[in-house]
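Student: I am new to this one. Please take me through a single part of it, slowly and in detail.

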Amino acid sequence: MVILVEIDLYYYIFWILNYFFLLYGLCLIALYFFAIILSTRSVNRNKRKARFLQVNDIVSATDIPSITLIAPAFNESKTIVENVKSLLALQYPYYELIIVNDGSTDNTLQLLIDKYDLESFDSTFITQPIPTSTVNKIYRSRKLQFKQLTVIDKNNGGKSDANNAGINFAATELVLCTDADCIIEQDALLKMVRPYLEEFNQEIVACGAAIGIINDSIVKNGVVEKLRLPDSLIPMIQVVEYIRAFLLGRMAWSEINGVMLVSGAFGLYARNRVIEVNGFNIHTVGEDLELGIRLRKHMEEIKVPHKMVYLPETLCWTEAPNNIDVLIKQRDRWARGLWETMTLHKDLFFNRKYRDMGLFYYPYWMVFELGAPIVEFLGLLSLIVFTMLGLINWNVAILLFTSIYLLGCIFSTISIFIYVKNFKHYNTGKEVIELLLAAYLEPFLYHPILVLGQIQGYYKKIFGVKSGWGNMDRKGFKTLPKERL
Amino acid sequence: MRKALVIQEDIIILKIIERLVILNQYECRAIRSINDLDIEDQSANFDVIISDILFEGIAPLDFVFQIQEIILHKSLIIVTNMGQNKIEKEILASQNVRGFFPIPLDMDNIQKLIA
Amino acid sequence: MKAEILILLIKILLLVLVIVFGSIAYSMIYRRWRTKRLQLIESTFAKICSLYLYPAPNEESNLIEIQRELKAVGIVPSKPRNVQYLIDLMIRTQRSILGNNYTKLKKLFTQIPPYGASASKLTSSKWYIKARGIREIYEMDQSQYTRDLIKLRNDDNIYVRREAQIGIVIFLGWKSLRFLPYLKRQMTLWQQIKIVEKLNDLYPIPDLNHLRRAYNSDRPYANELIMRIIRKFHLTEDIAYIIQFIDNPKFEIREAAIYCISSFSLSAEQLREIKEKFYHISNTEQQLMLLKYIQRISMDIDLPFYKDLLYNGSDIIKLSTADILWNNGYKEEVQEYYYHQYTQKADSESISV
């Protein structure tokens, strides 16, 4: 009798979980379908809009907002001189560059002083609307050709703290936060400023663009000379992952003004608004998402119609983790950042005061971004347990798995199609085939690693295991011999 | 024959300036990017260079300074889309430039300088 | 049954996948072909323009030969996308050239196809075609369509009305200020920038009558636009218009006012007015900007004003004021303030103890 009751209970749990996973999966598929439609619309609309405000119009215009690019640098002596040269070359008429030396223990600062002929000036009374670690000195170049460069030397406080120091010191309307080791497209600023020029009834608080992966590409004078797909599988799959996240995630959300995250590696913000919310939060590793949410919350609270937008173009290139260990560390950190941010702003959950953000966007992030690894992990556990209990009909399970796998392949293939159709980066048959293969291998070879990293991150948060940013050993892209021009 | 180097990304502007230069009795090398420069260009002594300042991998002002060192020439004329007063002041302050023309431009002004 | 449904689903999904593969292949092949075609049209057009503007001595341009060359690269009525590309190239060229060459090119473009293509776009139901038509009309200087543009100045679509408004400025110049400050909808920053630029490029002598009549508009975008015009044309006699907005309750208007006033030097009376308004600005960052401006244009340090800020301003303003005083030879005042702060703090601590 007891055994029968136990079996009934297992069946009961089995069916409840089955329906839960089915419902969750169906919601996710429906969201992806919506995302494809929205993303296509968004890309087309942006292309049409761009015809009426071309880069050449902006580059010759006066009265456009001035921009400061802020790049924190910590122990980057190997690459800092070249990276600064590349950042100085960005095309924008009203442009300043601030490098924040975040307490480097190597000779990063000295290299900058020597190469760019920097001199320090009095920083006794620097105004710091956002509190940061101590700023030691401010440097500027004696050379006319580097006059838009400022270097802030401060005590180590982390990336967010360094960004805040840069934001404090900037005197422009817009600030672009990036990493010193990112390769930025030369006309990126001209494109990023477009939404600020064109919006008329909503204030643009932040603008992002797609970030591409540059492992094994050829870089010359800080410019991507020849974009290549990475040689190894892990970064190659990340190329597909970034394309899909950008098209089916960011672009789709941008179309319905639902963007809450502008990547910390490349985000343009209205400086005054960032100062109003006290800058980046230095206590979380998910500082970009946290700032995005805080900015939107602030705008809702002061009742100013606003927008966070994404541009349908890859304007920034970065190196992706090249091996499993680094990838797990990165995803562990992202998961912790997400957890921290979601916890910090839990008051948003179905909070009508914050309108769409409280009712839809935040709950989406909670259920489908924060929740996805947990659901996947539970699914895996259930599969093992119910297999042991002999409750699984393998014929149906395999067919179901194949259907879901194919559906995933379709979403990835459509993303690649939209990307190839609209952007010029990967345009040879070989490259597209490689991308497709990477996309089809992803669920078996890559996705389990991601889930592992994410679950590890959540575990650390739940059980209070201390962990920081972790280091990423960069393999580097191929750099052509330096030329003077 | 006098020698001129024209560097403009916009092929229409490039071709028009090239014709103007040729009709003013110059031997003209017209290229669209500084990446198209070769070793021979570096040793040729140009009478005039008519160039943009917007190039990949080099800041506008840095370009004006560096081209002095890389390519021998007598005078440098800038024709660029990024022609705001602020940029013009900075470029002219370098004292390396004979003329600065923001686009749109009247080609007659260039003709006066190269005639 | 379940298995059969799933097998059917798998077949459908495979079919969809194959269709997407096909689409990728087609789009790649098409793009490659199209890029080559566009490059060919562009280089042919560049050659035509350069030879037309600067023909060899004793040689006349042959229009029939030009038309033949364009036809050879695909500029024929049956290929509207090629024709559209040619129009875009014409606009690009017109916008890059001034002087005699502009007039010559304008003549050339009226003599080669397409003829009257832009005006027909104004009746399109698609916003991007309509807006493109307007742009072509004003870039190609077809002022006979000014009335059509005036009608479109309040269009529902932002791009259509924006292009129409720019067109009105190009054709009517300062007279366009009869309409522009009284539009139904808000203007974007880009619209304002373009209007000011076009006035400056095409009508460099300001018509103060039309401008001053526009001062009556109470629309926020119009206030910003007028301030930008005053700045661009450096109308020192109209600075008062900008000054009145320095402490406006709206953030954007204050921002534009502070930005525009920064181009001017002020009289003692105007400076005094600005200093009074300084206290009514609610945003510290804007106060900071204004403070830097006041310091930049002042001949002497107004000690009472700065000391008041040093003792009564927000922390950020205090720090900036201290910076100004310190670097202008008033170190003692700054030291005195900090000493005062220190003793006050010490006193309050002793009281609390």
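Tutor: Chain B and chain C bury about 1,600 Å² between them, with 67% of that on carbon and sulfur atoms. Buried area is the accessible area (1.4 Å probe) that two parts lose on being put together, summed over both. Ile12(B), Ile16(B) and Arg19(B) supply 36% of what chain B buries against chain C, more than any other three residues.

The model is predicted: local features need pLDDT of at least 70, side-chain atom pairs need pLDDT 80 or more, and totals for chains, interfaces and linings use all residues. Residues are numbered from 1 along each chain as written, chains are lettered from A and ligands numbered from 1 in written order, and side-chain values use heavy atoms, without hydrogens and water.

Now the residues. In chain B, 17 residues are in contact (heavy atoms within 4.5 Å) with 22 residues of chain C. One salt bridge (a side-chain nitrogen of Lys or Arg within 4 Å of a carboxyl oxygen of Asp or Glu) is counted between the two chains. Arg92(C) forms a salt bridge with Asp10(B), and their closest N and O atoms are 2.9 Å apart.

Which helices of chain B take part? Helices here are DSSP runs (H or I, at least four residues), numbered from the N terminus. Helix 1 of chain B gives the most to that side, with eight residues.

Technical notes:
Helix = DSSP H or I, 4+ residues; strand = E, 2+ residues; numbered from the N terminus.
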